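Here is a friendly note to read alongside the structure. Please keep the view open as you go through the points.

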Amino acid sequence: MAEASASSAIERRGPGEALFRFACAGAATLLMTALAGVVVSLAIGGWPAFRAFGPAFLYTATWNPVTDVYGAAGPIVGTLLTATIALSFALPLALGVAVFLVEFCPARLATPIGIAIELLAGIPSIVYGMWGLFVLAPWFAAYIQMPIALSAEAGSWADTVFSGTPNGANIFTAALVLAVMILPYMAAVFRELFLTIPPHVREAAYGLGCTSLEVVHSITIPSVRRSIVGVVMLGLGRALGETMAVTFIIGNSHSLPRSLFDGGATIASTIANEFTEATGALHEASLVALGLILFLITFGVLAIARALLRSTDL
Amino acid sequence: MPLKLLCSIAMFVLASTAGSARSLSGAGASFPAPAYAKWAEAYRAATGVKINYQAIGSGGGIKQVTAGTVTFGASDKPLKPQDLAAAGLYQFPTLIGGVAPIVNLPGAANGQVRLSGDILANIYLGRIRRWNAPEIAAINPRLKLPNLPITVVHRSDGSGTTFLFTTYLSRSSGDWQRQVGASDAVAWPIGLGGKGNDGVSAFVRQTKGAIGYIEYSYAKQNGATTLSLRNRSGRFTVPGMQSFAAAAASADWLHSPGNYMMLVDEPAAGAWPIVGATFILVPRRPNHPAEVRDALRFFAWGFRHGDTIVAALNFVPVPAPIEELLVRQWSRLIIADGKPVYSRW
């Protein structure tokens, strides 16, 4: 009923309105067509790899350009592992930064700090990669990895989890760099979200005698819950697809990582490393297939986020 | 007045672009890119012809010249005669360079630590894991090697440097050949991958006891510690222009079908064992003969006048008699409309 009256209103307003509507629909269609085109071309380009290796492409970890045998398990695990670790560091920190800026920080400081965070979000990823390689990795090796490795008893669980070449290029440091990369972005959006909460709601809570912790816990975060999930998923999306910074520091080994401090590879770093010199048809197809898998993982993450939002019934 | 000035500038610009000769494009290997860029600069000053070279990687260069989107392609790895025939291409070597293993051992000077191809292969296979292993100590009787674990570093990106290095390991060790093989990128049994020469040298610099391999010119510029290697004649040599030239002089250029030239593990007494040429690819039956002719003229000019540029960048030129031979091959093998494409100008 409401829709019918809306469309008749558009018709009444003449050709300008119809044109506008058409242009908007056109923009949306173009986007969807481009997206579909990407998926289809990735599927066509990667098809030889799927045909040659079948489902084993997804769960075997051999990656051998000499014998032309490829399996994507190493990069898939590396991608999921680095992104998950990065998020588990970045999420609490980003929430903390945003809450501090909105609830506790003096107004005179909040603005410059907010601007600084937004500037951090704009640093190119290659700069983070070089920082990771030349600054973080040697520091991490000397002050964290070596002490842990030396104190772990041979054969203990700590030895298994933390073994690896002591030079700081591993899955864990790659995840740390990723966390630093997505943190400012997430903090900036969280801050914007918290600022959208009407001040009188929070003031009313304080008026009722709530402490700061209670206000954040029961008012601030619940009122933007839906958006928080969205921000987390966008952060995860960036961490999954990040290429240059990770390539510099992850150690680039295609086998399944044996420990947290072992070298690994992500899907994006593998493609960046090998695509320019991939001369074999099957090698190239396998890299394109990796691209498709990354696309599907990212798509899956977004779909799960949507499903979670619907089930929590906000 | 300003308008008039602007007009005359515009006229001048138009006239000069129309008057100066064509511009050509090539794409491929990044290893010889600095030399080609310097050649192109000098060539433009001498002849007015502009050469655009894009260092997109050997794989990309082969693809683009096969597709005909560039006039010439460049590859660090020679194509096998049957692949050349299938793609309708002709290849020739332009420059020679070397790969140097580098180490991070406290107190070690350039060339002081000696290794053989077999030991190097066993290190990269993960069988020799400490610097004081008996195999290493046996050929370094005067050195006191530390009890340090060996950290193996390799290139993570596909590269001609890796191709030369793994080819050398394959020739030196049957086990390496069977288990790993030689290619632009291989399934490394152990070790860390650094991206590019800079990534490998950063990991080696930051890790005590690390070993890696990089292009010699990069090692020299960055003061990395190089090794001595035992060559096929049994002598220990250090990387450098002399030992690369010795390898180039010892190679059998005349009997290499399709110019498939490998300079790894040459038998000459002074030869460095990990040496390779880099190659240019052009179509044998070009659709645009004038462009291919201009590209060949550029490389003929580089052969004749480019040696000082080559030496300054720590490359070695192709031996002069071979350059002459290649130029003669062009007139014989690259044909369009029944006529040779290349002619001297």
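1. Is the crossing of H5(A) and H8(A) left-handed or right-handed? The crossing of these two helices, H5(A) and H8(A), is left-handed (the near helix is turned anticlockwise from the far one by less than a right angle; clockwise would be right-handed). Before going further, please note that this is a predicted model, in which local features need pLDDT of at least 70 and side-chain atom pairs count only at pLDDT 80 or more, while totals for chains, interfaces and linings use all residues. Residues are numbered from 1 along each chain as its sequence is written, with chains lettered from A and ligands numbered from 1 in the order in which they are written.

2. Staying with that pair, helix H5 (residues 107-121) and helix H8 (residues 171-195) of chain A pack at about 140 degrees, their axes 8 Å apart (axes are lines fitted to C-alpha atoms, for helices over the stretch in contact, and angles run from 0 to 180 degrees between N-to-C directions). H5(A) is therefore oblique to H8(A) (under 35 degrees is roughly parallel, over 145 roughly antiparallel, 65 to 115 roughly perpendicular and the rest oblique). Helices (H or I, at least four residues) and strands (E, at least two) are DSSP runs, numbered from the N terminus.

3. Elsewhere in chain A, helix H4 (residues 73-104) packs on helix H11 (residues 225-241) at an angle of about 135 degrees, with axes 9 Å apart. That angle makes H4(A) oblique to H11(A), and the crossing is right-handed. Among the residues in contact are A:Ala83, A:Ala86 and A:Leu87 of H4(A), and A:Leu236 and A:Ala239 of H11(A) (contact means C-beta atoms, placed from the backbone, within 7 Å). By class, this contact of H4(A) with H11(A) has 9 nonpolar, 3 polar and no charged residues (Ala, Val, Leu, Ile, Met, Phe, Trp, Tyr, Cys and Pro are nonpolar, Asp, Glu, Lys and Arg charged, and the others, Gly among them, polar).

4. Chain B has a helix pair worth a look too. The axes of helix H5 (residues 117-124) and helix H7 (residues 160-172) of chain B come within 8 Å and cross at roughly 110 degrees. H5(B) is therefore roughly perpendicular to H7(B), and their crossing is left-handed. The contact of H5(B) with H7(B) has 5 nonpolar, 2 polar and 2 charged residues.

5. Now for strands in chain B. Strand S1 (residues 23-28) and strand S2 (residues 50-54) of chain B pair in the parallel sense over 5 bridges (two strands pair if DSSP finds at least two bridges between them), and B:Ser23 has B:Lys50 as its bridge partner in S2(B). Together with helix H2 (residues 33-47), S1(B) and S2(B) make a right-handed β-α-β unit (with the strands pointing away from the viewer, the path from the first strand over the helix to the second runs clockwise). S1(B) is also joined to strand S3 (residues 72-75) of chain B by 3 bridges, running parallel, and B:Gly26 is partnered with B:Phe72 in S3(B).

6. S10 (residues 228-230) of chain B runs antiparallel to S11(B), with 2 bridges between them.

Note on methods: Contact = placed C-beta atoms within 7 Å.
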